[in-house]
Amino acid sequence: MEITTTSKDNATILSLNGRIDTATAPELEQAINKIIDGGQRKILLDFAGVTYISSGGLRVLLATAKKLKNPGDKFGICALSPEVMKILKLAGFTSIFSIYASEGEALAGW
Amino acid sequence: MPAGNDQLVSLEWQPLPGAGGAHIFPLIRKIDTISSNSYLIQTPDAIILIDPGGLPAQAEQLMQVVTECRAASERPFFILLTHAHIDHFIAIQNTPALAVAGAAVLMVQEEGAACLERGDAAMTQAAMFNTTIVPITAGFRLITPDRRENPKEPVELCFSNGALVTVTAFPAGETSINLDRETIVFGPDSPPLEVFHTPGHSRDSICIRMGELLFIGDLLFAANPGIAGLVGWSQEDLVCSLDGIGVLLDTGEISQLCPGHGRLIPVADAQKMLPLVKRDAATLADIAEFNPDRATEIATYAEDIMEQVNQLFTVMAGRLYYISYVLDELEESGTAAELGTLINGDDIDELLDAFRTFSEEHHMKKGVSVHLALKAGQVVGKLQRTFKTDELAHIIDPGIVRRTERLLADYITIFRGFTPPREVTVADLSSLIEALIEGLTIPPISSDAVFSSTDDEKAFARVLLASIGTRPLLEDVDVVIDNAPAALFVTIDRENFADLLTYILEELVGKGSSAIRIAVCGSGGDATVSISGTAPSSSQACESQKTDRFLTGLCERAGASLSANHDENTRITYTIQANRVV
């Protein structure tokens with residue numbers, strides 16, 4: 001999985017490309033933790049290139065949500081493929097995270 | 001009396017227990033479908049290789065040992081097959097040292113010899129593994145009718161390798177071991193070698209005894225899924241063969257069994273295994289033949305269901321994580337931690353990843369279907385063992401748990417050669433659909449149930465978990481049902497139909513459809529249900545194709561037919577056509 005990190009409007013955007021599975025979920029978790037440890041409290045995951053998410057990937061998303069729940073923190077996911085959206089929806093995750101159609105829509109609301 | 005405790009060591013010469021003058025060099029491999037174990041035996045009069053295997057490298061390694069033996073003392077060389085399946089013999093064809101005419105005499109039960117001589121791709125399983133075989137002549141046919149006609153009369157046979165061998169036939173029924181049998185003596189200083197005809201796994205299967213060892217080929221695997229039903233397999237014969245070998249083991253003269261695949265088996269373990277194999281075999285009376293066409297069908301089905309199994313397990317694990325998250329918020333971390341034991345997400349992810357990688361390599365290398373079907377069988381078996389259905393069904397939506405359980409069970413059923421159970425009854429289609437939609441709309445745990453359990457701490461915890469873990473699929477979805485004006489009776493398998501409708505609704509709602517329209521109508525002998533919603537078209541054509549194929553198969557098992565229409569405006573319509581009872 002490729003992770004590209006950019007900054008925009010005081011938020012850090014991680015654009016992900018590939019599968020979030022047993023092998024790559026820890027890599028994503030490390031990348032997110034590094035950003036949070038650096039003091040950034042607004043994180044948007046751009047899922048436009050994510051083709052699959054495993055239960056390990058779901059756990060990383062929840063762990064991030066737990067870390068970013070203070071007032072002023074922001075955590076969201078945007079541009080989900082229908083397949084990944086289905087998993088998040090059926091697992092009940094859409095009631096925890098803010099899910100946006102696009103990066104622009106997310107940042108406009110932050 | 002055999003001790004049975006001394007395991008033979010692989011790749012070393014050692015005395016063959018109970019057979020003075022004979023030594024054995026076992027080559028024990030990890031279990032796979034490519035090549036069998038091999039057992040090399042030398043006596044003062046002969047060198048005998050039981051099952052050269054399926055890999056040229058394995059045969060080359062054995063031939064090097066044979067060459068050393070012959071250099072030490074030149075003796076006739078025999079290759080003896082427990083049965084003529086390619087994983088036990090194809091190395092003969094691909095190994096020059098073995099293929100040289102006259103270098104070795106091939107010993108095979110007579111039906112196996114006939115298969116080899118006509119290059120029978122079906123009986124040898126060459127077709128199943130997409131392998132080409134060339135006709136091979138067996139110089140020494142075992143358990144032949146002509147020798148059976150003259151029982152107990154020693155016959156001397158002279159071979160091209162210079163050997164003079166004495167064979168005596170003992171027909172079935174002569175002893176309580178009710179199997180056709182021949183005793184072979186390779187020379188005055190050699191212990192006798194006994195051959196028992198044990199058909200079942202294949203028509204030509206034999207068990208071979210020398211001293212305290214019994215070489216059993218694939219007898220103990222013969223009832224396993226993916227093996228039972230192979231061309232040449234016979235349930236009736238297998239049960240008789242297992243009975244006969246059971247009697248032989250009870251004589252106390254055998255200490256270890258040398259299988260065609262995997263480690264040696266002490267006789268006490270084998271005596272425990274035989275009744276279990278027989279019990280399995282007894283259930284396999286009407287299984288379908290496991291041939292290449294069926295292997296392809298099963299492999300396709302495996303890929304389709306694994307896509308669904310993957311989604312269901314990810315959703316179930318996700319639900320548990322979600323409950324843990326909410327419990328943490330409620331400062332109930334202890335209860336949250338306990339949930340982690342219900343599904344080991346990492347182990348399951350690894351299993352599913354392993355299948356996916358295997359499947360990708362299979363398609364890239366154009367592998368044989370049987371390998372994919374077997375791999376899926378392994379993965380499904382492991383998932384079944386790790387899946388704590390009862391506990392999970394109390395916490396998350398029992399419908400998801402039950403569907404997952406059924407998918408896994410159906411695969412094993414089909415893999416074993418059976419048809420999954422189907423119960424087609426007459427039902428009113430509109431009532432069925434309404435009941436299902438209601439079940440997917442109303443939370444299964446009411447607020448009253450939560451409040452009334454507050455006096456009992458354990459009951460409250462359970463109700464709380466279930467109320468967090470079960471989220472009705474259609475709670476925020478606008479569902480419109482256009483029912484037929486009157487009751488519309490159809491013949492349908494209710495469970496499969498309910499599963500089908502749930503999968504379709506999950507597909508639509510999960511992918512973002514906030515409104516679903518269901519239209520039920522009847523026309524002549526047909527009843528039609530169309531379910532439509534709006535969802536973005538799939539970015540992964542392959543997965544979408546697998547899902548449609550899976551749903552079509554499920555609909556057929558429900559006793560109806562399905563078509564899916566994905567139009568350009570992201571509208572998806574599934575149409576189910578059932579048989580109307582007028």
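**Domains 2 and 3 of chain B**

In chain B, the centres of domain 2 and domain 3 lie 24 Å apart, taken over C-alpha atoms. Keep in mind that this is a predicted model.

Where do those domains sit in the chain? The domain assignment puts domain 1 of chain B at 14-281 and domain 2 at 288-418. Domain 3 comes in two pieces, 422-445 + 472-582.

Now the contact between domain 2 and domain 3. Domain 2 of chain B puts in 9 residues, and domain 3 of chain B puts in 8 residues. On the domain 2 side, two helices each supply at least two residues: α8 and α13 (398-415) of chain B. Which one gives the most? That is α8(B), with 6 residues.

A general point before the numbers: a pair of packed helices is described by the angle between their axes and the distance between the axes. In chain B, helix α8 (residues 292-329) packs with helix α18 (residues 541-558). The angle is about 105 degrees, and the axes are 9 Å apart. Angles of 65 to 115 degrees count as roughly perpendicular, so α8(B) and α18(B) are roughly perpendicular to each other.

Who meets whom? From α8(B) we have Tyr301(B), Glu303(B), Asp304(B), Ile305(B), Glu307(B) and Gln308(B). From α18(B) we have Glu543(B), Lys546(B), Thr547(B), Arg549(B), Phe550(B) and Gly553(B). The residues of this helix contact divide into 6 charged, 3 polar and 3 nonpolar.

Buried or exposed? Cys258(B) has 24 C-beta neighbours inside 10 Å. The cut-off for buried is 20 or more, so Cys258(B) counts as buried.

What is Cys258(B) in contact with, leaving aside neighbours within four places in sequence? The list runs Pro26(B), Tyr39(B), Leu213(B), Leu214(B), Phe215(B), Ile216(B) and Leu264(B). One distance to note as well: the C-alpha atoms of Cys258(B) and Asp218(B) are separated by 9.8 Å, and these residues are 40 apart along the chain.

Last, confidence in chain A. The average pLDDT there is 94, and 100% of the residues score at least 70. Which elements mark the ends of the range in chain A? Helix α4 (residues 103-109) of chain A has the lowest mean pLDDT, 93. Strand β2 (residues 11-20) of chain A has the highest, 97.

Technical notes: Residues are numbered from 1 along each chain as its sequence is written. Chains are lettered from A and ligands numbered from 1 in the order in which they are written. This is a predicted model: local features need pLDDT of at least 70, side-chain atom pairs count only at pLDDT 80 or more; totals for chains, interfaces and linings use all residues. Axes are lines fitted to C-alpha atoms, for helices over the stretch in contact, and angles run from 0 to 180 degrees between N-to-C directions. Helices (H or I, at least four residues) and strands (E, at least two) are DSSP runs, numbered from the N terminus. Angles under 35 degrees count as roughly parallel, over 145 as roughly antiparallel, 65 to 115 as roughly perpendicular and the rest as oblique. Two residues are in contact if their C-beta atoms, placed from the backbone, lie within 7 Å. Ala, Val, Leu, Ile, Met, Phe, Trp, Tyr, Cys and Pro count as nonpolar, Asp, Glu, Lys and Arg as charged, and the others, Gly among them, as polar. pLDDT is the predictor's confidence in each residue, from 0 to 100. Domain bounds come from an automatic or database domain assignment. A residue is buried if 20 or more other C-beta atoms lie within 10 Å of its own, exposed if 12 or fewer, and partly exposed in between; C-beta atoms are placed from the backbone.
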